[in-house]
Amino acid sequence: MDEKIAVVILAGGQSKRMQVQNKATVLFKGKPLISHVIDRMKPQAAHIFINTHQNQNDFDAFHLPLIDDALTIQEGPLLGILTSLQLIKTDWIQFVPCDTPNLPDNLIANLLKENKAQKTLAAVPETVDGLQSACLLCHVSTLNNLQDFFNRGGRKIEDWIRQLSFSIVRFHDHSQFININTQEELKKTSL
C-alpha cells in the first residue's frame, strides 16, 4: 500500500436516473453501493476520501473524511476532481465513482505502473466499452491544468484527460467497471 496515493470516491451526483436522493447508499447485495467501492479500494491505498456535493450526513456511517465541492452549484464530477486536487496532499489521487461496485483489486497498481513506465501524469483504464475516465489516476501536478480547463468551461473528464500526457491501461473484464445508474441496472447486476 502506497502512502503517496489517496483514493477519492466521487459521490456528488444528483442520482436522478436512480430516482433516489443518494445513489451511493442504495443497497446492492445487502450493503450500500459505496461500501463495495470502499471495500475494493481499502487494500489499495492508505487514504480514502468521499467527495460529495450534498447529503453529507448519509456518509457518517462510513467514517471517512468528506470533501465538499468548492462551488455550491452542481457542476458534475470534474468539480469533485478539481476540489480534491486542491485539498489532498498526496502525490497521486485515484478517482473512482461511488456506483462501480466491482472495481479491480489491482486498479491502482496497474495504473501507477503504466504511469511510471510512460512517465505520464495520468492513467485511465480502458475496456471494450471505451475509456473509464471516472476511474482516473492522476498526479497532483495536474491541478493548474484542470483549473484552467474548468475556468474555460470544460466539464467532461475525458475531454480534460485527452489534453494531458496520459496512459491507457487495458482491462479485459469490463464487468469490473459497470456503473449502476438506474433501478433496472441495479436489479440486473444483482442477479
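Visitor: How many residues does α3 have, and what distance does α3 reach from its first C-alpha to its last?

Guide: The model under discussion is predicted. In it, α3 has 12 residues and reaches 17 Å from first C-alpha to last, which is close to the 16 Å expected at 1.5 Å a residue.

Visitor: Which residues of α3 are buried?

Guide: The buried residues in α3 are Leu107, Ile108, Leu111, Leu112 and Asn115. They lie on the same side of α3, because the arc they cover around the axis is only 105 degrees. On the other side of α3, the residues Lys113, Lys116 and Ala117 are exposed.

Visitor: What backbone feature is found just after α3?

Guide: Most residues other than glycine have a negative phi. Just after α3, however, Lys119 takes a positive phi of about 55 degrees. Lys119 belongs to the loop between α3 (107-118) and β7 (122-127). With a relative accessible area of 71%, Lys119 is exposed.

Visitor: Where does Lys29 lie, and what is its phi?

Guide: Lys29 is situated in the loop between β2 (27-28) and β3 (31-32). Its phi is near 50 degrees, a positive value in a residue other than glycine. Lys29 is exposed as well, its relative accessible area being 55%.

Visitor: Let us turn to the strands. Is β7 largely enclosed or open?

Guide: β7 is largely enclosed by the rest of the structure, because five of its six residues are buried.

Visitor: Which strand runs parallel to β7, and how many bridges join the two?

Guide: Strand β10 (residues 166-170) runs parallel to β7, and five bridges join them. One point of reference in this pairing is Val124, whose bridge partner in β10 is Ile168.

Visitor: In what sense does β7 pair with β9, and in what sense with β8?

Guide: β7 pairs with β9 in the antiparallel sense over two bridges. Here Ala122 stands opposite Cys138 in β9. The pairing of β7 with strand β8 (residues 130-131) is antiparallel too, and it also comprises two bridges. Thr127 has Gly130 as its bridge partner in β8. β7 and β8 form a hairpin, with two residues between them.

Visitor: Where is Val140 found, and which residues does it touch?

Guide: Val140 occupies the loop between β9 (137-139) and α4 (143-151). Val140 is partly exposed, with a relative accessible area of 22%. Not counting residues up to four places away in sequence, Val140 touches Leu85, Ile88, Thr90, Asp91 and Ile93. Val140 and Asp105 are 35 residues apart along the chain, and their C-alpha atoms are separated by 23 Å.

Visitor: How many aromatic pairs does a search of the whole structure find?

Guide: The search finds two aromatic pairs. The rings of Phe59 and Phe62 have their centres 6.4 Å apart and their planes at 45 degrees, so this pair is tilted. Phe59 is buried, with a relative accessible area of 1%, and Phe62 counts as buried at 17%. The pair of Phe171 and Phe177 is edge-to-face, with 5.3 Å from centre to centre and 70 degrees between the planes. Both Phe171 and Phe177 are buried.

Visitor: What describes a pair of aromatic rings in general?

Guide: A pair of aromatic rings is described by the distance of the centres and the angle of the planes. For the angle, planes under 30 degrees apart count as stacked and those over 60 as edge-to-face, with the rest as tilted.

Visitor: Where is Phe171 found, and with which residues is it in contact?

Guide: Phe171 is located in the loop between β10 and α6 (183-190). At 5% relative accessibility, Phe171 counts as buried. Leaving aside neighbours within four places in sequence, the contacts of Phe171 include Leu107, Leu111, Pro125, Thr127 and Phe177. Of these residues, Leu107 and Leu111 are buried residues of α3. Phe171 and Pro125 are 46 residues apart in sequence, yet 6.4 Å apart in space, C-alpha to C-alpha.

Visitor: Which residue lies over the face of Phe150?

Guide: Arg155 lies over the face of Phe150, at 3.6 Å from the ring centre.

Technical notes
Residues are numbered from 1 along each chain as its sequence is written. This is a predicted model: local features need pLDDT of at least 70, side-chain atom pairs count only at pLDDT 80 or more; totals for chains, interfaces and linings use all residues. Side-chain values use heavy atoms; hydrogens and water are left out. Rings of Phe, Tyr and Trp (its six-membered ring) pair if their centres lie within 6.5 Å; planes under 30 degrees apart count as stacked, over 60 as edge-to-face and the rest as tilted. Buried means under 20% relative accessible area, exposed over 50%, partly exposed in between (1.4 Å probe, protein chains only). A charge sits over a ring if NZ of Lys or CZ of Arg is within 6 Å of the ring centre and within 35 degrees of the ring normal. Helices (H or I, at least four residues) and strands (E, at least two) are DSSP runs, numbered from the N terminus. The expected span of a helix is 1.5 Å times one less than its number of residues. The arc is that of the directions from the helix axis to the C-beta atoms. Contact means heavy atoms within 4.5 Å. Two strands pair if DSSP finds at least two bridges between them.
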